[in-house]
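Open the model in your viewer and keep the selection tool to hand. This tour goes from stop to stop.

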Amino acid sequence: MKGLIISSGTINDYSLLEKLIDENDYIVCADGGIDHLIKIDQIPNIILGDLDSISLFGIKHIEDKAIQVEKYPSIKDNTDSELAIMYLIKKGIKKITLIGGSGTRLDHTIANIFLMKRFNKEDIELKIVDDNNIVNYVDDTFEIKRRQGWFISIIPLNFDGICVSLTGFRYPLYHKYIEFSSTLGVSNEVIDEIGKIEIHKGEALVFESLD
């Protein structure tokens, strides 16, 4: 099974949200994410969180549609997005997509990105999607299809940096060391049908970004 988490961050392209709903088996709204679903007349399997970011219209919608809710106290040790991930894991779902996990709150955005590193250690495949970006955690091999106008960036996550090879890219690399905090891996492009990333050592975030 595959799970989709809808958080309350920025979503402008609702056709993307509809596509993700069709591709996933279980839909969780993290708190105010329900307000996004209302706009496309969809109902999640469950809403969870402290319910502090749901609009009054959203609260009424929940009541009218009798949507299952798992409410948490406002003072807690986890964000609503993290609680949603943990909920899906308990259901045995290991492939999880998060949308609405980025936006004006950079603290939430960065925290959600680092959750990818944490849950990868539990064998969870978590990716973050928004209108212009797809973010994946990679510590081995990863392939990306060529798409016009999309840029690929490889950002080291560990302090020791990464050793990486890139084939099928405009700027290929062969066992290249990229140190932590370097911008060397930013804004590459896939020029073959498929671009292949091999992380020989270390771990990285791989961004697919539409300019």
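This is a predicted model: local features need pLDDT of at least 70, side-chain atom pairs count only at pLDDT 80 or more; totals for chains, interfaces and linings use all residues.

**Largest pocket.** Select Glu125, Lys127, Ile134, Asn136 and Phe142. Of the 28 lining residues, these lie nearest the centre of the largest pocket. The space here comes to about 720 Å³. Next, colour helix 1 (14-23), strand 5 (95-99), helix 5 (106-120), strand 6 (125-129), strand 7 (133-138) and strand 8 (141-145). Each supplies at least two residues of the lining. Which element gives the most? Strand 8 does, with five residues. Now colour the lining by residue type: 11 are nonpolar, five polar and 12 charged.

**Second largest pocket.** Move on to a volume of about 400 Å³. Select Ser8, Gly9, Ser53, Asp80 and His108, the closest to its centre among 22 lining residues. Helix 4 (80-90) and helix 5 each supply at least two residues of this lining. By type, the lining of the second largest pocket holds one nonpolar, 15 polar and six charged residues.

**Helix 3.** Select residues 56-65. Which residues of helix 3 are buried? Gly58, His61 and Ile62 are. They share one side of helix 3 because they cover an arc of only 100 degrees around its axis. An α-helix has 3.6 residues a turn, so residues three or four places apart point the same way. Turn to the other side of helix 3: Leu56, Phe57, Glu63 and Asp64 are exposed there. Then show what covers the buried residues of helix 3, including helix 2 (34-39), strand 3 (46-49) and strand 4 (69-71).

**Last stop.** Ala66 has a positive phi of about 55 degrees.

Methods. Residues are numbered from 1 along each chain as its sequence is written. Side-chain values use heavy atoms; hydrogens and water are left out. On a 1 Å grid over the protein atoms alone, a cavity is a set of points where a 1.4 Å probe fits but cannot get out, and a pocket is an open set with protein on both sides within 12 Å along at least five of seven lines; lining residues have an atom within 4 Å of a point. Grid points are joined across faces, edges and corners, and a volume is the space filled by probe spheres set on the points. Helices (H or I, at least four residues) and strands (E, at least two) are DSSP runs, numbered from the N terminus. Ala, Val, Leu, Ile, Met, Phe, Trp, Tyr, Cys and Pro count as nonpolar, Asp, Glu, Lys and Arg as charged, and the others, Gly among them, as polar. Buried means under 20% relative accessible area, exposed over 50%, partly exposed in between (1.4 Å probe, protein chains only). The arc is that of the directions from the helix axis to the C-beta atoms. Contact means heavy atoms within 4.5 Å.
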